[in-house]
Amino acid sequence: VQLQASGGGLVQAGDSRRLSCAASGRTSTNLATGWFRQAPEMEREFVAAIAWNGGGTYYADSVKGRFTISRDNANNTVYLHLHSLKPEDTAIYYCAATPKVDYTGRYYAQSPWYNYWGQGTQVTVSS
């Protein structure tokens, strides 16, 4: 499975942006997908995740209410809708996927849970 993240760019505080994560390869596998981000000199952190069927969504507290994750399985694409962007949202955003199912909801926020990673897309929010 290959993941291609796109949609990043330079935006102003308060703006919105939509990131896309397109999967290719063995996409017949049902994949849960997560978004992580890494700011300069910071650890990579969890942002949001969605179950393979869209039945469960999970968010970091820092983005809850501002970001929304969704998926279009017909097109093998997961979206991260960013709203009310803040300068502290500036980071490289990575998407990741796994065929594993997290029945407890405890593992989606943990990067080792994921088997496949995209290359990242830069989001820069100016104040």
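Predicted model: local features only at pLDDT ≥ 70, side-chain atom pairs only at ≥ 80, totals over all residues.
User: Which strands pair with β8?

Analyst: Strands are DSSP runs of E with at least two residues, numbered from the N terminus, and two strands pair if DSSP finds at least two bridges between them. Here β3 (residues 17-24) pairs with β8 in the antiparallel sense over six bridges, with L19 opposite L80. Strand β7 (residues 67-72) and β8 also pair in the antiparallel sense over six bridges, and S70 stands opposite Y79.

User: Why is β8 described as largely enclosed?

Analyst: Buried means under 20% relative accessible area, exposed over 50%, and partly exposed in between (1.4 Å probe, protein chains only). Five of the six residues of β8 (residues 77-82) are buried, so the rest of the structure largely encloses this strand.

User: Which residues form salt bridges with R37?

Analyst: A salt bridge places a side-chain nitrogen of Lys or Arg within 4 Å of a carboxyl oxygen of Asp or Glu. R37 meets E45 at 2.6 Å, N to O, and D89 with the closest N and O atoms 2.9 Å apart. R37 lies in strand β4 (residues 32-38) and D89 in the loop between β8 and β9 (91-98), 52 residues apart. R37 counts as buried at 6% relative accessibility, whereas E45 is partly exposed at 33%.

Technical notes. Residues numbered from 1 in each chain as written. Heavy atoms only, no water. Helix = DSSP H or I, 4+ residues; strand = E, 2+ residues; numbered from the N terminus.
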